[in-house]
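Morning, everyone. Let me put the model up, and then we'll walk through it.

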Amino acid sequence: MMGVMQDAAGAVVAFEHVTKRYGGPDAPSAVTDLTLTIPAGEICVLVGPSGCGKTTSMKMVNRLIEPTSGRITIGGDDVMSLPAVELRRRIGYVIQQVGLFPHLTIGDNVSVVPRLLRWKPNRVRERTEELLELVGLEPGDYRSRYPYELSGGERQRVGVARALAADPPVMLMDEPFGAVDPIRRERLQNEFLRLQEQVRKTIIFVTHDVDEAIKMGDRIAILQRGGILAQYDTPSAILANPASEFVERFVGADRGLKRLSLARVRDLEHIEPVVVHAGEDRAEVRKRLDRVDDLAYALLVDEAGRPLGWIDQHDLRGSGPIDHGAATPGAPTVEPESTLRDALSAMLSSSVQLGVVVDGRDRVVGLVSVDAISEALRAPVRAADGQLHAVDGAARAAGETAAG
Amino acid sequence: MDLAWLGRNVDELALRTLDHVVMTVLAIGIGSAISFGLALLIRRRRSLQGPIMAVSGTLYAIPSLALFAILIPFTGPQSLLAAEIALVSYTILILVRNFLAGFDGVSPDVLEAAAGMGLSPSQRLWKVELPIALPIIVAGMRIATVTVIGLVTVTALIGLGGLVYVIIELVYRRFNLTATLAGTVGAILLAVLADRAFVLLQRALTPWVATRRTAT
């Protein structure tokens with residue numbers, strides 16, 4: 001039996017020569033002889049163009065689709081060894097449209113599986129509170145509300161909490177962030193990565209978006225039409241050394257730029273911002289700002305430490321207190337988990353090319369600059385160059401060493 | 001108006017009201033059970049939808065008086081069975097339609113999530129599909145109930161008729177305005193009350209329907 005209150009770590013998931021064919025033996029396969037092993041506690045992203053069998057492959061794990069041949073094991077046990085309904089209660093399942101039950105409260109939605117498993121009411125209640133807190137929804141506020149009262153992002157978080165409810169070692173996620181707008185998607189991805197640091201599940205994550213795959217995956221399985229595995233490796237290895245022309249085309253011509261998705265904001269050295277609160281004296285702030293060489297702007301924050309906007313020299317002329325509306329709004333915020341690519345894109349779209357790094361509660365923890373990003377890129381770019389030469393030229397072995 | 005008459009006949013009126021309610025509840029109960037079964041059947045085999053809807057549509061089209069006339073030779077006069085066969089027949093078209101619309105209204109995402117989380121087919125039906133379909137099903141019951149309350153009055157012609165029995169029986173002997181009013185107003189009140197009761201029932205059963213908040 002699985003552990004319950006302590007989050008159980010993930011289990012190894014293995015596909016062994018799995019084939020799925022709809023129709024007779026002559027029908028084309030949706031998935032062809034798929035063999036891959038996902039290490040416990042890792043996120044494996046299945047990615048590929050539509051019709052590549054990525055969703056079919058995922059759904060064979062919880063037997064929403066049954067394979068034609070081959071077998072799938074979780075922690076060494078064949079998924080066919082349990083009745084489908086019992087198997088599914090041990091595997092978390094998150095889908096794009098979330099599929100919350102509209103007639104149940106958030107609390108009841110989260111506790112569906114524990115109640116199916118006949119947990120004691122006390123334990124169900126505790127677990128529900130714990131999970132809502134885990135996904136950042138205050139239980140007191142949310143427990144008794146209905147899904148229609150929530151935003152898309154909040155619903156998706158409830159969906160994740162619901163999938164984690166019975167503490168399954170494995171989670172299946174089918175384009176979980178596909179239905180939210182790009183900015184919220186970025187935040188949900190970051191939140192999910194923080195969550196995964198804590199829960200360490202084995203996750204099979206389906207997406208059609210290469211950038212999302214690079215960001216979320218510890219490993220990426222690229223599938224091509226007919227469910228043929230084109231490459232299965234870490235994101236950096238795939239970017240550095242695409243196994244085939246198909247992978248190269250699928251990953252895109254801007255592989256160099258995509259490498260920006262491999263590094264995170266937390267990998268950069270942060271700049272200490274000059275933080276200002278409403279009511280501080282302008283002359284004082286001017287003095288503080290002058291003492292810092294490489295900053296032309298101070299950052300106005302609210303009482304909770306959340307950024308309001310930039311204050312420049314112009315706003316600081318004369319004396320007297322700084323008021324709330326003084327700041328130029330629109331300081332781009334990034335999170336430690338944001339990829340450099342997302343951070344760069346956010347920063348380039350604003351007039352001040354500095355990113356404000358905020359934590360999960362939106363509090364300022366530092367600044368990053370465009371310069372710092374290009375600085376950080378220098379080393380990986382050189383490696384990528386070496387690799388490109390290796391692929392083009394004769395020094396293949398040398399290149400492969402460089403890729404490692 | 002003859003208040004003394006009302007006083008003397010209060011027991012009779014109460015009895016006939018009860019009859020009216022019982023006949024209606026029976027018809028709606030049996031009609032719902034049959035319609036639920038038919039809707040499940042159609043869900044399993046969609047090809048049955050056409051034939052089932054055609055038959056229930058035909059039943060609905062038979063004039064009620066004619067239907068009683070057909071049934072009486074088999075069941076005898078004053079037969080509750082004849083009355084209920086007719087009343088139930090009229091509910092089926094409305095109820096099957098609403099059961100189906102209710103089930104069809106359940107989002108495929110919800111069904112997929114339910115299956116993926118490990119609800120068995122019967123748990124999906126009773127814990128997910130039926131509750132989500134409930135507002136539309138109850139809406140169908142509301143229309144069917146008001147219709148049946150009206151149709152029960154027609155059964156007066158085969159010796160039943162609930163409240164309207166009062167009119168027929170007494171007025172045949174000698175016209176009595178009070179009796180006529182009591183029967184008519186009673187039947188109308190019953191229909192209006194049932195209608196309101198369903199609105200309240202629906203709200204109580206579905207606190208999760210988004211439109212409710214804006215409606216109140």
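Which residue in β5(A) does Thr73(A) stand opposite? It is Asp78(A). Strands here are DSSP runs of E, at least two residues, and helices are runs of H or I, at least four, both numbered from the N terminus.

Some ground rules. This is a predicted model: local features need pLDDT of at least 70, side-chain atom pairs count only at pLDDT 80 or more, and totals for chains, interfaces and linings use all residues. Residues are numbered from 1 along each chain as its sequence is written, while chains are lettered from A and ligands numbered from 1 in the order in which they are written.

Back to the sheet. β4(A), residues 69–74, and β5(A) run antiparallel, joined by two bridges. Two strands pair if DSSP finds at least two bridges between them.

Next, the domains of chain A. Domain 1 covers 13–253 and domain 2 covers 266–374; the bounds come from an automatic or database domain assignment. Their C-alpha centres lie 37 Å apart. Seven residues of domain 1 are in contact with six of domain 2. Contact means C-beta atoms, placed from the backbone, within 7 Å. On the domain 1 side, α8(A) gives the largest share, five residues. That side divides into one nonpolar, two polar and four charged residues. Nonpolar is Ala, Val, Leu, Ile, Met, Phe, Trp, Tyr, Cys and Pro; charged is Asp, Glu, Lys and Arg; the others, Gly among them, are polar.

Now helix α7(A), residues 152–164. Its 13 residues should span 18 Å at 1.5 Å a residue, and the end C-alpha atoms are 19 Å apart, which agrees. The expected span is 1.5 Å times one less than the number of residues. Why call α7(A) largely enclosed? Because 10 of its 13 residues are buried. Buried takes 20 or more other C-beta atoms within 10 Å of a residue's own, with C-beta atoms placed from the backbone; exposed is 12 or fewer, partly exposed in between. Arg155(A), Gly159(A) and Leu164(A) are among the buried ones. The cover includes β7 (170–174) and α8 (182–199) of chain A.

Last, chain B. It has 10 helices and zero strands. Of its 216 residues, 34% count as buried. Its C-alpha atoms fill a box of roughly 70 × 45 × 20 Å along the principal axes.

Methods
Contact = placed C-beta atoms within 7 Å.
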